[in-house]
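This report walks through a helical packing, a core and a few loop positions. Please keep the sequence and the structure in view while reading.

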Amino acid sequence: MDAIVDDNVEINDLKKFEKQYNEQMVEGKESSNVQFEYAWCLVRSKYQNDMKKGLALLEGLFHSTKDEHAKRDYLYYLSVGCTRLKDYEKALKYANAILQVQPQNTQASELKNLIQKRMKKDGLIGMAVVGGVAALGMGAVAALVGLAVSKKS
């Protein structure tokens, strides 16, 4: 599962699907398949703005289709994209939406577990950073108090 979430798109693939997508937009022949391929490439980009654009395209696809199978796929890739952006709450929302309809979906279940693992890891790291900043602040206060006491002497 890590491989899917951490996979970065090859620049040639991104350019190829961007060209196809833009050509269809100009011609007014929007294909959901081409839009999906381009969105999936954007979500796998190493740039956050690309990822966000890909998520917006996937959300548009999700809202414009009545095909339940396609909706599930879009939710899955929305969840992957949000995980890449570390928007874990949204990522979980999308994974849980799949599991609500398909409780036995192992792919969505594995993705949910990965999201929760990353939330925990990032939370612990975040707490360690906050703790380090707090300790640094307390050290600075202690140094100031020590300096003030030594000046009085």
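## A loop residue with positive phi

K86 sits in the loop between α5 and α6. Helices here are DSSP runs of H or I with at least four residues, strands are E runs of at least two, and both are numbered from the N terminus. K86 is not a glycine, yet its phi is positive, about 65°. Most residues other than glycine have a negative phi. K86 counts as exposed because its relative accessibility is 55%; the cut-offs are under 20% for buried, over 50% for exposed and partly exposed in between, with a 1.4 Å probe and protein chains only.

## Basis of the model

This is a predicted model, in which local features need pLDDT of at least 70 and side-chain atom pairs count only at pLDDT 80 or more, while totals for chains, interfaces and linings use all residues. Residues are numbered from 1 along each chain as its sequence is written, and side-chain values use heavy atoms, without hydrogens and water.

## The nonpolar core

The largest nonpolar core holds 39 residues. Such a core is a set of buried Ala, Val, Leu, Ile, Met, Phe, Trp, Tyr and Cys residues joined through side-chain atoms within 4.5 Å. F36, Y38, L58, Y74, L111 and I115 have the most contacts inside it. Two or more core residues come from each of α2 (11-27), α3 (32-43), α4 (48-64), α5 (68-84), α6 (88-101) and α7 (106-152).

What does I115 touch, beyond residues up to four places away in sequence? Its partners are S79, T83, Y88, A91, L92 and A95, where contact means heavy atoms within 4.5 Å.

## α3 against α5

α3 and α5 pack at about 20°, and their axes are 10 Å apart. Axes are lines fitted to C-alpha atoms, for helices over the stretch in contact, and angles run from 0 to 180 degrees between N-to-C directions. The two helices, α3 and α5, are therefore roughly parallel, a label for angles under 35 degrees.

On the α3 side, S32, F36, W40 and V43 meet Y74, Y77, V80, G81 and R84 of α5.

## Two buried loop residues

R44 lies in the loop between α3 and α4. R44 counts as buried because its relative accessibility is 13%. Setting aside residues up to four places away in sequence, R44 touches D7, N8, V9 and R84.

V9 lies in the loop between α1 (2-6) and α2. V9 is also buried, with a relative accessible area of 13%. Beyond its neighbours within four places in sequence, V9 contacts L14, C41, R44 and S45. The C-alpha atoms of V9 and K46 are 7.9 Å apart, although 37 residues separate them along the chain.

Terms used. Parallel < 35°, antiparallel > 145°, perpendicular 65-115°, else oblique.
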